[in-house]
Amino acid sequence: MHPVRAVPEPRRPHGRIHLAGGDSAPMGIGGAEGAVETGANAARNVAAASAAGRH
Ligand SMILES: Cc1cc2nc3c(=O)[nH]c(=O)nc-3n(C[C@H](O)[C@H](O)[C@H](O)COP(=O)(O)OP(=O)(O)OC[C@H]3O[C@@H](n4cnc5c(N)ncnc54)[C@H](O)[C@@H]3O)c2cc1C
């Protein structure tokens, strides 16, 4: 699959695994800003799942 079309897949959590990184950023793919943004999103999602008792 072309990498651009494959990108939404790693943005979704896979069970308890939350992926982040510059290569999966919706904006600025391959840049440090996207890496930070996806990292912050993943951290928020883990915290929310944890607070809801899902993790
Ligand atoms: C030469 C160069 C210049 C760049 N200049 C810019 C710039 O000016 N501005 C900009 O926005 N971006 C720039 N970038 C891109 C930027 O570096 C990346 O977008 C950013 O580092 C991505 O962050 P990341 O956390 O997704 O991945 P990474 O920074 O690659 O971090 C991944 C980490 O995971 C570790 N790792 C990998 N596999 C495993 C494993 N199996 N187990 C444990 N750890 C593992 C690696 O060692 C690494 O520390 C540049 C990149 C390069 C190569």
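**View 1. Helices H1 and H3 mark the two ends of the confidence range among the elements of the protein chain.** The structure is a predicted model, in which local features need pLDDT of at least 70, side-chain atom pairs count only at pLDDT 80 or more, and totals for chains, interfaces and linings use all residues. Residues are numbered from 1 along each chain as its sequence is written. For the protein chain, the mean pLDDT is 82, and 80% of the residues reach 70 or more.

**View 2. The protein chain has three helices and zero strands.** Helices (H or I, at least four residues) and strands (E, at least two) are DSSP runs, numbered from the N terminus. The order of elements from the N terminus is α-α-α.

**View 3. Ser24 lies in the loop between helix H2 (8-11) and H3.** Ser24 is buried because 20 other C-beta atoms lie within 10 Å; the class requires 20 or more such atoms within 10 Å of the residue's own, with C-beta atoms placed from the backbone. Buried residues make up 9% of the 55 residues in the protein chain. Between the C-alpha atoms of Ser24 and Gly34, which are 10 residues apart along the chain, the separation is 7.8 Å.

**View 4. Residues Gly21, Gly22, Gly30, Gly31, Ala32, Glu33 and Ala35 surround the ligand.** A residue is assigned to this shell if its C-beta atom, placed from the backbone, lies within 6 Å of the molecule. The shell comprises two nonpolar, four polar and one charged residues; Ala, Val, Leu, Ile, Met, Phe, Trp, Tyr, Cys and Pro count as nonpolar, Asp, Glu, Lys and Arg as charged, and the others, Gly among them, as polar.

Note on methods:
pLDDT is the predictor's confidence in each residue, from 0 to 100. A residue is buried if 20 or more other C-beta atoms lie within 10 Å of its own, exposed if 12 or fewer, and partly exposed in between; C-beta atoms are placed from the backbone.
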